[in-house]
Amino acid sequence: MAHWMTDGDGSDDQVELVVKPRTRTQRPPMYKVLMLNDDFTPMEFVVHVLERLFNMTHAQAIEIMLTVHRKGVAVVGVFSHEVAETKVAQVMELARRQQHPLQCTMEKE
């Protein structure tokens, strides 16, 4: 946005253009929450975690669980840093309580 400024006496011989720099609000970085495969955590438990903590339907949860099983890892969601951190902590806590070695991590998108 530009503002016209004069020297104050009403004459236009000393006109200066003042340009205010535009501040562009940058979107905060997003983080992928990743679930890692292991040979011990039951598939049903992984499906339960995906439904409960990531609000997936049963079909979506099974599909992601199978991806984790086949490929070793799958992205289960993309969130702001705080939400991703919370999700990882929740998964790890649920797994620990059930004595499963399920691993969940996050990485910048």
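Tutor: Start with Gln99, in the loop between helix 3 and strand 5 (103-108). The model is a predicted one: local features need pLDDT of at least 70, side-chain atom pairs count only at pLDDT 80 or more, and totals for chains, interfaces and linings use all residues. Residues are numbered from 1 along each chain as its sequence is written, and side-chain values use heavy atoms, leaving out hydrogens and water.

Student: Why is Gln99 called exposed?

Tutor: Its relative accessible area is 73%. Exposed means over 50%, buried under 20%, and partly exposed in between (1.4 Å probe, protein chains only). Gln99 is over the exposed cut-off, so the label is exposed.

Student: What stands out about phi of Gln99?

Tutor: Phi is near 60°, a positive value in a residue other than glycine. Asn55 also has a positive phi, near 50°, and is not a glycine. Asn55 lies in the loop between helix 1 and helix 2.

Student: Is Asn55 buried or exposed?

Tutor: Exposed, because its relative accessible area is 66%.

Student: Which label, buried, exposed or partly exposed, goes to Asn37?

Tutor: Partly exposed, because the value for Asn37 is 32%. Asn37 is in the loop between strand 3 and helix 1.

Student: What does Asn37 touch?

Tutor: Not counting residues up to four places away in sequence, Asn37 touches Val68, His69 and Gly72. A contact means heavy atoms within 4.5 Å.

Student: Why does Thr41 count as buried?

Tutor: Thr41 has 11% relative accessibility, so it counts as buried. Thr41 also sits in the loop between strand 3 and helix 1.

Student: What does the side chain of Thr41 reach?

Tutor: The backbone nitrogen of Leu102, at 3.2 Å. A polar contact is a pair of N or O atoms within 3.5 Å; within protein, one must be able to donate a hydrogen and the other to accept it, and residues adjacent in sequence count only if both atoms are side-chain atoms. The Thr41 distance falls within that limit. Beyond four places in sequence, Thr41 touches Val46, His100, Pro101 and Leu102.

Student: Why is Phe45 called buried?

Tutor: Its relative accessible area is 9%, so Phe45 is buried. Phe45 lies in helix 1. Setting aside residues up to four places away, Phe45 touches Leu94, Ala95, Gln98, His100 and Leu102.

Student: What makes a set of residues a nonpolar core?

Tutor: They are buried Ala, Val, Leu, Ile, Met, Phe, Trp, Tyr and Cys residues joined through side-chain atoms within 4.5 Å. In the largest core, with 25 residues, Val33, Met35, Leu50, Phe54, Val76 and Val91 touch the most other members. Helix 1 gives the most to this core, seven residues. Leaving aside neighbours within four places, Val91 is in contact with Met35, Val49, Leu53, Phe54, Leu102 and Cys104.

Student: How many aromatic pairs does a search of the whole structure find?

Tutor: One. Phe54 and Phe79 form a tilted pair, 6.2 Å centre to centre with 40° between the planes. Phe54 is in helix 1 and Phe79 in strand 4, 25 residues apart.

Student: Why is a pair called tilted?

Tutor: Rings of Phe, Tyr and Trp (its six-membered ring) pair if their centres lie within 6.5 Å; planes under 30 degrees apart count as stacked, over 60 as edge-to-face and the rest as tilted. The Phe54 and Phe79 angle of 40° is in the rest, so tilted is the word. Both Phe54 and Phe79 are buried.

Student: What sits over the ring of Phe54?

Tutor: The charged end of Lys87, 5.4 Å from the ring centre. A charge sits over a ring if NZ of Lys or CZ of Arg is within 6 Å of the ring centre and within 35 degrees of the ring normal.

How values were computed: Helices (H or I, at least four residues) and strands (E, at least two) are DSSP runs, numbered from the N terminus.
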